[in-house]
Structures are given as C-alpha cells and as structure tokens.
Amino acid sequence: MIADKETGRILGGQAIGEGPSDKFIDILAMALHAKMTCRELGNVDLAYAPPFSPVLSPIIVAANVIVNKLEGRVGGIQASEVRERLQTSKENFQVLDVREGDEVKQKRIPNSTWIPYGELKKRLNELDKGKEIAVHCESGLRSYKACLNLQHEGFKNVKNIDGGMLCWCYDVESNLTPPSPSKGEG
C-alpha cells in the first residue's frame, strides 16, 4: 500500500502471496473510491471468520503501519541505504535479523546479527544502544513489531528495513547452518 506523505490519502497498493487476495484488493478499491486516508482505513471494522482469517486484515495492518511511519513512530530505511551503511559506517551501524532459523538458513545479509523475534526481549543485551539499528525479517511485519519493542526498551535509533528480505537484492550468505543463538553472535 502507498499513501500520500502529506495527507495520508491512500494512492494504491497490491496484494501478492499464497491464498486469495481478491478480498484485500476489494478493500483497497473501496478505500481508493472513497478517497480514504490510512487513518480512516485503519479504523474500519471488517468481518472475519476465525478459522479462515486473522482478526485484523493485512490491509488494516498495512494502513496502521503507514500511519505510524507518517507520524514518525517507526522509521524506515531502504535496502540500498542499508547496503551503503554496511560498507561505510560499520562501527556505528548494526543490522538485526529477526527471522526464524529455517529462514536464516536459506539466505542472510552478511554481517547481520540474528535474534529470532520471539527471543528478542531476553537478548537485548546483545545489541548496542549507541548504534543505529536496521531491523529486518522476510517482508517487514515482524521487524516492524521488533522496532516498536526496541523503542519501548529505550533504543533510540531503530529503523525498519522497508520490504525486508523480499526487497534485498544485494549479496547474501546462503545454504547456511543458522548461527547459534547465543550471546556474541554477529
């Protein structure tokens, strides 16, 4: 989903992935037709069936993520900026991977720190509060939540890598054994 930076008005979007996406596009089409802002769409109460869908539609989640970005609650950083900082500012910059072990085994950003999202709270001591931290997962949702958690724990300079690994088109390490999730791994 994309929105106007000044007004928050929804400008467009797309849905990809497994399963039906027509309902998501229908919701987005309705929001476009009504000239809704992300805040307005985020407050829409949609029907759901617990066995078949999440309580909050991914479209509603996306609208709330955009609101938080527009209001400065969570900063974003492009993959190209991350790559540049890894090359030029290693001493002040850290990349945090919050994916699960099976995902890390497939591909990994070189020199990233791996802490699965579910272990983040108990392993905060492995991160440097003095560094800028760019967080990623596969698509951006878990890393977005991780950014909020890190900010809540007092980390000031935290950014979500927009699009996660889906938007990372640079060098990766692959076919790995996930690193041991122990202190000191980097």
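Biologist: Which residue does the side chain of Glu-126 meet in a salt bridge?
Modeller: The side chain of Glu-126 meets that of Arg-123, at 2.7 Å from N to O. A salt bridge here is a side-chain nitrogen of Lys or Arg within 4 Å of a carboxyl oxygen of Asp or Glu.

Biologist: What kind of model is this, and how are residues numbered?
Modeller: This is a predicted model, in which local features need pLDDT of at least 70 and side-chain atom pairs count only at pLDDT 80 or more, while totals for chains, interfaces and linings use all residues. Residues are numbered from 1 along each chain as its sequence is written, and side-chain values use heavy atoms, with hydrogens and water left out.

Biologist: Is Arg-123 buried or exposed?
Modeller: Arg-123 counts as buried because its relative accessibility is 5%. Buried means under 20% relative accessible area, exposed over 50%, and partly exposed in between, with a 1.4 Å probe and protein chains only. Glu-126 is buried as well.

Biologist: Where is Arg-123 placed?
Modeller: Arg-123 is in the loop between β6 and β7. Helices (H or I, at least four residues) and strands (E, at least two) are DSSP runs, numbered from the N terminus.

Biologist: How many salt bridges are there by this rule?
Modeller: The count comes to 11 salt bridges. One of them joins Glu-153 and Lys-121, at 3.1 Å from N to O. Glu-153 lies in the loop between α6 and β8 and Lys-121 in the loop between β6 (113–114) and β7, so this pair ties together parts that are 32 residues apart in sequence.

Biologist: How accessible are Glu-153 and Lys-121?
Modeller: Glu-153 is partly exposed, at 27% relative accessibility, whereas Lys-121 is exposed, at 64%.

Biologist: Which residue forms a salt bridge with Asp-97?
Modeller: Arg-99 does, and the closest N and O atoms are 2.8 Å apart. Asp-97 counts as buried because its relative accessibility is 0%, and Arg-99 is buried with a relative accessible area of 0%.

Biologist: Which residues are linked in a network of salt bridges?
Modeller: Arg-39, Glu-71 and Arg-73 are linked in such a network.

Biologist: Changing topic, which members of the largest nonpolar core touch the most other members?
Modeller: Leu-96, Leu-120, Leu-127, Val-135, Leu-150 and Phe-155 do, in a core of 17 residues. A nonpolar core is a set of buried Ala, Val, Leu, Ile, Met, Phe, Trp, Tyr and Cys residues joined through side-chain atoms within 4.5 Å. β7 (132–136) and α6 (141–152) each supply at least two residues of this core, and α6 gives the most, with four residues.

Biologist: What is Leu-96 in contact with?
Modeller: Leaving aside neighbours within four places in sequence, the contacts of Leu-96 include Ile-115, Leu-120, Val-135 and Leu-150. Contact means heavy atoms within 4.5 Å.

Biologist: Which residues does the second core include?
Modeller: That separate core has 12 residues, among them Ile-27, Leu-28, Cys-38 and Val-67.

Biologist: In which sense does strand β8 pair with strand β3 and with β7?
Modeller: Strand β3 (residues 75–77) and strand β8 (residues 158–161) pair in the parallel sense over three bridges. β7 and β8 also pair in the parallel sense over three bridges. Two strands pair if DSSP finds at least two bridges between them. In β8, Lys-159 is the bridge partner of Gly-75, and Val-158 is that of Ile-133.
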